Amino acid sequence: MDKRKIGINGIAGRVGKFTAYELFRGGAIIGAVNDLASTDEIVGALSHRDGVHGDLDWVVEKIDEVHIGIGNQVIEVYHEKDPATILWGDEIIAVDECTGFFTERTAAERHFAGGSCLETILISAPGKGDMKTLVMGVNHTAYNPNDARDNVISNASCTTKAMAVPIQVLYDLGANLHYVDMVTVHAATNTQKPLDFMSTYGVLDTIQTASSGASVALTKLFPELDGKVRCFAMRVPTRDGSFVKMEIQAESDNLEAEYLNNRFREAVNDPRYCGRLSVFEGMEIASHDLIGNVASSVITLSKTRSTEVHRGHPRYPENMISDVSLVIGYDNERGPSKDLAMLTQYVMQPNQGG
């Protein structure tokens, strides 16, 4: 019996909760979880009807103060502040770091102190420091278990993943990207407050500009885009469901909108992209249409635009340079959690990568 198990730090948070859910649904074994919340609070967070996503298809119960049950799995529970004091034991192979606090390599590596068989820490957020950024359907096969540097990896942000999969499709079509200009309209997150005591701008009724690290993370996935990406973010008063509008100048023999949309349709079932892309066929899309969609990118086909800028380069006479506009939606809770669960199961496969 395969006893390779997964640990989750930050199980009661939104990312931790839905990552656990996707792992459970994918047949993975969760061996232990950690959260500063009490065991009763953890069970409540996982089992109560979710205000955004409704009832989840699992049964979560408290067994005792140090164990919870998810389905037929019995899972150890810890309440440690410092990752170094979590006793992951000798069966936990990978830990999903979902708190958002331990995003630097040295901080994430503290998990290894309590895990004798622990091989990989997967950070749910953009990582800081010397580590790979891996996204399913883009560059997940770059994971190398024989490389000591791959003991800590980042799964990037939800916005980065939403952009990365369509960009990968464009590259696989032979396009040469000259630049990417992005605006994301993002649902509110836990970093915002109902009322900010300094500015009096709260999350409930304002649209706020925000910083975005997507440009940095995107160039980790696609080094050739270094210096060619600009990002702008806005937070809006919705609970879930976000959008990215990408303006891309690219060069290829065919970048017409209809051609691109047909290639995106094909990519939905292309195993190279691991099911991380889907398409929306309707004319208009709202954030509610995205809730529950676990794809990293939902291409709104009716919004795809392409304008020819120049054709006839002496070296590439058949190529044209075009301005391509894409509108991409994503469930900023369920999409990245599914992606992290898939990446975790990928890196845990025996003799994987390399």
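Predicted model: local features only at pLDDT ≥ 70, side-chain atom pairs only at ≥ 80, totals over all residues.
I started with the pair α4 and α5: their axes come within 9 Å and cross at roughly 40°. That angle makes α4 oblique to α5. I noted the handedness too: α4 passes α5 in a right-handed crossing.

Next I listed the residues that make the contact. From α4 I found T159, T160, M163, A164 and I167. From α5 I found A214, A217, L218 and L221. I sorted these residues by class and got 7 nonpolar, 2 polar and no charged.

**Burial of α5**

How many of the 8 residues of α5 are buried? I count 6, so this helix, residues 214-221, is largely enclosed by the rest of the structure. The buried ones are A214, S215, A217, L218, T219 and L221. A214, A217, L218 and L221 were already on my list for the contact with α4.

I then asked what the buried residues of α5 pack against. One partner is helix α4, at 158-172. The others are strands: β8 (132-133), β10 (176-187) and β12 (229-236).

I looked up S212 next. It sits in the loop between β11 (208-210) and α5.

I set aside its neighbours within four places in sequence and checked what S212 touches. The contacts are M182, C231 and A233.

S212 and G31 are 181 residues apart in sequence. In space, C-alpha to C-alpha, they are 34 Å apart.

**Helix α1**

I moved to α1, residues 14-25. This helix has 12 residues and reaches 17 Å from its first C-alpha to its last. That is close to the 16 Å expected at 1.5 Å a residue.

Which residues of α1 are buried? I got G16, K17, F18, T19, A20, Y21, E22 and L23. The charged residues K17 and E22 are on that list.

What covers the buried residues of α1 includes strands β1 (5-9), β2 (30-34) and β6 (92-97). Helices α2 (39-47) and α7 (334-348) are also among the covering elements.

My last entry is G27, which follows α1. Its phi is positive, near 85°.

Methods:
Residues numbered from 1 in each chain as written. Heavy atoms only, no water. Buried < 20%, exposed > 50% of the residue type's maximum accessible area, 1.4 Å probe, protein only. Helix = DSSP H or I, 4+ residues; strand = E, 2+ residues; numbered from the N terminus. Contact = heavy atoms within 4.5 Å. Axes fitted to C-alpha atoms, helices over the stretch in contact; angles between N-to-C directions. Parallel < 35°, antiparallel > 145°, perpendicular 65-115°, else oblique. Left-handed = near helix turned anticlockwise from the far one by under 90°. Expected span 1.5 Å × (residues − 1).
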